[in-house]
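Q: Before we look at single residues, could you show me how to read a structure like this one step by step? I would like the general idea each time, followed by the case at hand.

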Amino acid sequence: MKNISIHKEGFKNLATAQHEDEYEDYPSDLSDSEPPQFLSVPEEFSVEVGGDITFPCHVQHLGNKQMVFQFNSFNTPSKEKLYFAGNNRISFNKRLEKDEHSFTLTNIRRSDAGQYACKLYDPPLQVLHVLRVQYPAMIRRISPDRQQIEKGDSVTLQCEAEGNPEPAIHWSKRGGRLPSGSHSEEGLSITLESVDRREAGTYVCTASNGIGEPSYAEMHIEVQYRPEITTEESILHTGDGDDAKLVCIVHGHPQPTVHWRRGDHLVASDKHLMTHNGDHRYSLIIRDVKKEDFGEYTCSAKNRQGVTERSVVLTGLPNKPKLTSSPAGGEEQTYTLTWETESFSPILQYRVKFRKLGRGDVNKLDSWNDSLFSVPHRPRHNQPRSSDRIKVMAHAIRNLEPATDYQASVSVENEFGWSIASETFQFHTRKEVADGQSANAAPCIIPSLTELCFAVLAMTFYEAIV
């Protein structure tokens, strides 16, 4: 600044001397007779961290005046830093170099953001450039990195981020979806309402602004809850001499302890094998099942949140039959029911119930016709093993009315007892169309051969089950 004041004083003395000596006709230097003028215009620059920028400061008619180059940081706008006065470096910055009409700043840092002024003091002129430094997003976790909450409670997770341009924050969950069902949501926070075990896991907030790599932070949520148990089968059908595997799926936090019980007693380990696959699946394997092994087994799981139990019934009873015949009968007075059932031992007999539906009034029903039928016996050495546990059976219901709707159900019995009755099945006998032709294809077309067709059909089914 001292050099500038001397320059101003010298300029005044020179002008006074010229006036006093009355050298009015002497041609003065063009640069001294016309005032300085900036040719460069103010500009705003956006540059990524690590980049370079050149600030133009082109001025004409500068003469022997000095231009200064100074910096005002956005962080401390009231504090100016003078870098150059003319060609003299005032504040040292090894990344800033002066050219004839410009200044180049290299390897830009975030702290370089601010206003850069090219200035003249006589007359007072300046060109003001603005530098905005772009830098990658950086995220900061506001919520704790690990939280334990009770099932049914709510929790809010928060993050904040900085960067230029301003970053966007997105939320996701590792290995799954967010509670809303989406893979990603935008915002500074996310709230988990009435959490259960499905909300447990690692939540990730990610900030990005298109500069560099995204930044992320993780938060782990542990949901504490009493054990929850589901069973693969609530009733497990098996047979004498087979192996049975009872399975329960257990979730809980803290990790529950699991054991199997029959009645009031823990299951003995001499005949029973208890396994755990390291995840949530707990199995009880019973080798060489005997009749005395049938009954109810309880899977019990306990942690400090409580105790939960579920039962599995091991039984030799046949499974509930499933009707497989077509609802549309092919004969006027006979209908053949077909069904299949799972049984690890031979079927000894079956029960068929049927009744007629009222015409035009489904609430008007006849009483049930209930009949019991034996299955032909086969010597034990010719009986199928448990691998043939699906039994396919058939029964012809006779003396029905033509073009009539009926309901039927079936249950079966093996050496251990009766199955549950099948779902009620609705069928009808053959219905004629207007021209007198049958609307259904009958399996036995010639009436005189009906008995023969049924006999062959029945023998085929009985061969499948005995």
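A: Let us start with the term behind every element name: helices (H or I, at least four residues) and strands (E, at least two) are DSSP runs, numbered from the N terminus. The model is a predicted one, and the protein in it has three helices and 34 strands. With that numbering, E199 is placed in the loop between β16 (189-192) and β17 (201-208).

Q: How many residues does the protein have, and what percentage of them count as buried?

A: Buried means under 20% relative accessible area. Of the 466 residues, 39% count as buried, while the accessible surface of the protein comes to about 26,600 Å², with 48% of that area belonging to carbon and sulfur atoms. Among contacts with a separation of 6 or more, 64% are between residues 24 or more positions apart.

Q: Which side chain of opposite charge is nearest to E199, and how far away is it?

A: A salt bridge requires a side-chain nitrogen of Lys or Arg within 4 Å of a carboxyl oxygen of Asp or Glu. E199 is buried yet has no salt bridge, the nearest side chain of opposite charge being K173 at 6.0 Å. Leaving aside residues up to four places away in sequence, E199 touches K173, P179, L192, S194, I221 and V223.

Q: What is the geometry of the aromatic pair formed by F45 and F55?

A: Rings pair if their centres lie within 6.5 Å, and planes over 60 degrees apart count as edge-to-face. The count for this protein comes to 15 aromatic pairs. F45 and F55 form an edge-to-face pair, with 5.8 Å centre to centre and 85° between the planes. Because F45 lies in strand β2 (residues 44-48) and F55 in strand β3 (residues 53-56), the pair ties together parts that are ten residues apart in sequence. F45 is buried at a relative accessible area of 13%, and F55 is buried at 0%. Ring pairs link F45 and F55 into a cluster with F69, F71, Y83, F84, F103 and Y116.

Q: Which ring face does R110 lie over, and at what distance from the ring centre?

A: R110 lies over the face of Y135, at 3.8 Å from the ring centre. K353 lies over the face of W368, at 5.2 Å from the ring centre.

Q: Where does D242 lie, and is D242 buried or exposed?

A: D242 lies in the loop between β19 (235-237) and β20 (244-253), and it counts as buried at 16% relative accessibility. The C-alpha atoms of D242 and I286 are separated by 8.6 Å, although the two residues are 44 residues apart along the chain.

Methods. Residues numbered from 1 in each chain as written. Predicted model: local features only at pLDDT ≥ 70, side-chain atom pairs only at ≥ 80, totals over all residues. Heavy atoms only, no water. Buried < 20%, exposed > 50% of the residue type's maximum accessible area, 1.4 Å probe, protein only. Contact = heavy atoms within 4.5 Å. Areas by Shrake-Rupley, 256 points an atom, 1.4 Å probe, with all protein chains shown as cover. Lys, Arg positive; Asp, Glu negative; His and termini not counted. Phe/Tyr/Trp six-rings, centres within 6.5 Å; stacked < 30°, edge-to-face > 60°. Lys NZ or Arg CZ within 6 Å of the ring centre and 35° of its normal.
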